[in-house]
Amino acid sequence: MSVEDINNCQIQEWYPNFKSVSIRTLIHELPEPFVEYLDDSGSLHLPISIMNKDALPKRMPIPEDSEDFVTDELSDDEADIPSSPPSFPDLEIEIESSIASLGGAVFPKLNWSAPKDAAWINSSGNLRCTNFSEIALLLKSSDSIFHDLSHAYDCCKDKTSSRPSKFYLALRKWYPSLKPEMEFRCFVHHNLLIGVSQREVTTFYPSLIDMKNDLKASIEEFFAENLQGKFSSESYTCDVYVTKDRRVKLLDFNPWCSSTLPLLFSWEELAAKEALEMFEFRIIESPHGIRPGLKTAVPYDYLDTSSGSGWDQFFRRFEELQSPSVEV
């Protein structure tokens, strides 16, 4: 994998050429101070919104809580004045304008990645954003975005830098009707489509079984007419979405390397398939085929309901409160 192949998958590079078969997107070049803010793991502040739009609900301070932190004397460390939250007014104004022009809701991504692994922290539980603060929260919380910022070229044999010279924020129109089971990842090697996988592999969708042949034919036709030989690299992956009337929309391009999830394939399998003419179309065909451990994107404590876990204690306490008291 070369740096050129990685760069070809940046959305600001490919979107202008495939705009007609993709979803509506507006792209902003990010100022370097905002990039530095995202890359600073020591900064926990969200930017101050000049429009007073916050990503998280405000909490009213409780006097009793504050008293616990009152001390007569401050150490040198305690006396340090905390850094003030950053502010990016010009960028916020531009992004708010784009959000409005895209219908009031978007999902964000940087040059390569969307912050899917941080969706759990958003108030909506997904990537839907309605203001600049929500976008900043997702980008700041995402390991995928951090990879874009500092490790995008790690798998390149001709790597000379750890990051591109500029970063871009793509705002993509939010479609609430999109179904996760209708998104698929295509694997292309030497301009040949060699495999297609269901994109969301943590759930079994019975409806896909009856549609399998039609979906395969629709994606194959879309690839032949719109992608084959037209993308800048010969080997890559791309994500597509199939609408209810079997139209196919291009969502993204990803590099042909280990940083891209092979989903229901393995990279070893894909390398062995490169000489085959017929591509394989894989979906989860039973509940036993789901991949629950693949990119859950949620902290373990959020999912753990085993005995003694935080959720177990919460549910026990809730049951105690709901149980009627017994009078003796």
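Predicted model: local features only at pLDDT ≥ 70, side-chain atom pairs only at ≥ 80, totals over all residues.
Student: In which order do the three strands of the open sheet with antiparallel pairing lie?

Tutor: Helices (H or I, at least four residues) and strands (E, at least two) are DSSP runs numbered from the N terminus, and two strands pair if DSSP finds at least two bridges between them. Strand E1 (25-29) and strand E2 (106-109) are the edge strands, each pairing on one side only. E1 pairs with strand E3 (residues 168-173) over five bridges, and E2 pairs with E3 over four bridges. The order is therefore E1-E3-E2.

Student: Which residue in E3 is the bridge partner of Lys109?

Tutor: E2 and E3 pair in the antiparallel sense, and along E2 the residues Val106 and Pro108 point one way while Phe107 and Lys109 point the other way. These four residues are all buried, a term for under 20% relative accessible area, with exposed for over 50% and partly exposed in between (1.4 Å probe, protein chains only). The bridge partner of Lys109 in E3 is Ala170.

Student: At about what angle to E1 does helix H5 run?

Tutor: Angles run from 0 to 180 degrees between N-to-C directions, and axes are lines fitted to C-alpha atoms, for helices over the stretch in contact. Helix H5 (residues 89-101) lies across E1, E2 and E3, and the angle at which H5 runs to E1 is about 175 degrees.

Student: Why is H3 called oblique to H6?

Tutor: Angles under 35 degrees count as roughly parallel, over 145 as roughly antiparallel, 65 to 115 as roughly perpendicular and the rest as oblique. Helix H3 (residues 32-39) and helix H6 (residues 132-141) pack with their axes 9 Å apart and at an angle of about 50 degrees. That angle makes the placing of H3 against H6 oblique.

Student: How far apart are the C-alpha atoms of Thr130 and Ala105?

Tutor: Thr130 is found in the loop between E2 and H6 and is partly exposed, with a relative accessible area of 26%. Leaving aside residues up to four places away in sequence, Thr130 touches Glu96, Ile99, Gly104 and Ala105. Although Thr130 and Ala105 are 25 residues apart along the chain, their C-alpha atoms are separated by 4.7 Å.

Student: In which order do the five strands of the open sheet with mixed pairing lie?

Tutor: The edge strands are E7 and strand E8 (280-282), each pairing on one side only. E4 and strand E6 (residues 236-242) pair in the antiparallel sense over six bridges, and the bridge partner of Cys186 in E6 is Cys238. The order of the five strands is E7-E6-E4-E5-E8.

Student: Is Asn254 buried or exposed?

Tutor: Asn254 lies in strand E7 (residues 248-255) and touches, not counting residues up to four places away in sequence, Cys9, Arg185, Tyr236, Thr237, Asp239 and Thr260. With a relative accessible area of 11%, Asn254 is buried.

Student: What is the phi of Asn52?

Tutor: Most residues other than glycine have a negative phi. Asn52 is found in the loop between H3 and helix H4 (63-67) and counts as exposed at 56% relative accessibility. Although Asn52 is not a glycine, its phi is positive, at about 60 degrees.

Key: Residues numbered from 1 in each chain as written. Heavy atoms only, no water. Contact = heavy atoms within 4.5 Å.
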